[in-house]
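Dear colleague,

I am passing on the structure we spoke about, followed by some notes on its side-chain contacts. Please read them with the model open beside you.

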Amino acid sequence: MKLPAIKGFDEEAFNKYLKNTGWLMFGKILSMIVGFVVARFLGPISFGDLSFADAFTAIAAAIGALGLDTFIIREILNDPTKKDEILGTSLLLRLGVNLLLIPISVVLYYIFHKLSNNPGEPLTYVVALLSFAAFFKSFNVIDSYFQSQVQSKYVVHIQNICVILSALVKILLVILNMPVIWFAWALVFDGFILALGLVLLYQSKGFNLFDWHFKRARAKSLLKQSAPLILSAVMVSIYMKIDQVMLKTEGSSAVGIYSAVAKISEAWYFIPVAIVTSVFPALINARKTDHERYIKRLQNLYDLLVAISLPVAVIITFASTFIIHIIYDNRFGGAEHMLPIHIWSGVFVFLGSASSQYLLAEGFTKISFYRTAFGALINILLNLWLIPLYAGIGASIATLIACASSAFYLLLIPKTRQQGIMMLKSLLLVTAFQKIFKR
């Protein structure tokens, strides 16, 4: 794929970023297809139960990540000789916290179930299993190391192998007509094989996991730096997942239909993550050496993400009924009315992913937290109002407004307002037209 020669756009860099994104494409597409097959097989009620448990535990899993990923990369880049200390400390911190979160998640679900007006069948076992699956994500610190060495392609190879194994297991469960609890076990298997794969990859590159060690001072330093991002990650999980939790008041079927729509809308969210991860080192370097180039790269990044997300949102809006029918047949009635609303959240998710890199580069971690908290609060309040009135359609509207509010929260803060204006220019295609007419 070749980008048109538009003045002011770094074509060579774009092609590099596109290539990096391509490494993820196979695994993500396969995972997406299998996800659709599983949703269609389980149907609204069982898929709703599984989606609710996944959303419920995802909020706790955000705490377990400790917001360390980017800081691990930065710390290793700043002091490569302390690699074993940084990785060992990060891993033990995550293992300890995730182990503690398993019983906490189960107890919180038990309370939620007892207090709910429409509890449905108990899902305690499913919640426990998905909490345990999050435990294995502690080993993602290995992924952070390879990112710091610009060697993410090795991790992607491991991820793709794991996705293939996972797909085979889930397709087998569908063929054998297994109940929902087996799919919860399949998610535990996913977490385990990925953790094992990362460990084997690290060892195969001549390193030794047993050289890692814990240092209290490093732990305090990492936690102090990442504390705002822990809260921010929790807030992100809340405003991305709380709708599925709150929809449980309308029954498992409502959760299942909405989750089936969200699975389509969110299937492509890996693209901005892959792109911004690829460009982050280039942004940091430009900030150090050439501020004008730094701002230009940020604007180009916003333009690129809008150029990807906007056409997809438009196409899916007009083709929503056809898409829902092809993917789910007639098993998720009403989904075709939610998808044209929910899909537009992606445009703001894309812009939010890019501006998050700016906030990180500038050290504005508190602002990052405040804006995600703002989005989460908007989502909760709107869900409380709209879900009783419109069920899944109300949750879709709430998610869209929350994502837009979070992305453009930067307009409310004087020192980040310029970035908000830059995003707005990209969204309204102002900079795109400027580049075209200046060719």
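The side chains of D54 and K241 meet in a salt bridge, with N and O 4.0 Å apart; the term is used here for a side-chain nitrogen of Lys or Arg within 4 Å of a carboxyl oxygen of Asp or Glu. This pair links distant parts of the chain, since D54 belongs to helix α1 (residues 11-64) and K241 to helix α8 (residues 216-246), 187 residues apart. Helices here are DSSP runs of H or I with at least four residues, numbered from the N terminus. D54 counts as partly exposed because its relative accessibility is 33%, where buried means under 20% relative accessible area, exposed over 50% and partly exposed in between, computed with a 1.4 Å probe on protein chains only.

Please bear in mind that this is a predicted model, in which local features need pLDDT of at least 70 and side-chain atom pairs count only at pLDDT 80 or more, whereas totals for chains, interfaces and linings use all residues. Residues are numbered from 1 along each chain as its sequence is written, and side-chain values use heavy atoms, with hydrogens and water left out.

A search of the whole structure finds four salt bridges, and two further ones are described here. R218 forms a salt bridge with E85, the closest N and O atoms being 2.7 Å apart. R218 lies in helix α8 and E85 in helix α3 (residues 83-115), so this contact ties together parts that are 133 residues apart in sequence. R218 counts as buried because its relative accessibility is 14%, and E85 is likewise buried, with a relative accessible area of 7%.

K170 forms a salt bridge with D190, and their closest N and O atoms are 2.9 Å apart. Here K170 in helix α6 (residues 152-175) is linked to D190 in helix α7 (residues 180-204), 20 residues apart. K170 is buried at 14% relative accessibility, and D190 is buried with a relative accessible area of 17%.

The charged end of K205 is placed over the ring of Y154, 3.7 Å from its centre, and K248 lies over the face of F52, at 5.5 Å from the ring centre.

Finally, the search of the whole structure finds 22 aromatic pairs, and F36, F47, Y328 and F332 form one aromatic cluster. Rings of Phe, Tyr and Trp (its six-membered ring) pair if their centres lie within 6.5 Å, and planes under 30 degrees apart count as stacked, over 60 as edge-to-face and the rest as tilted.

Terms used:
Lys NZ or Arg CZ within 6 Å of the ring centre and 35° of its normal. Helix = DSSP H or I, 4+ residues; strand = E, 2+ residues; numbered from the N terminus.
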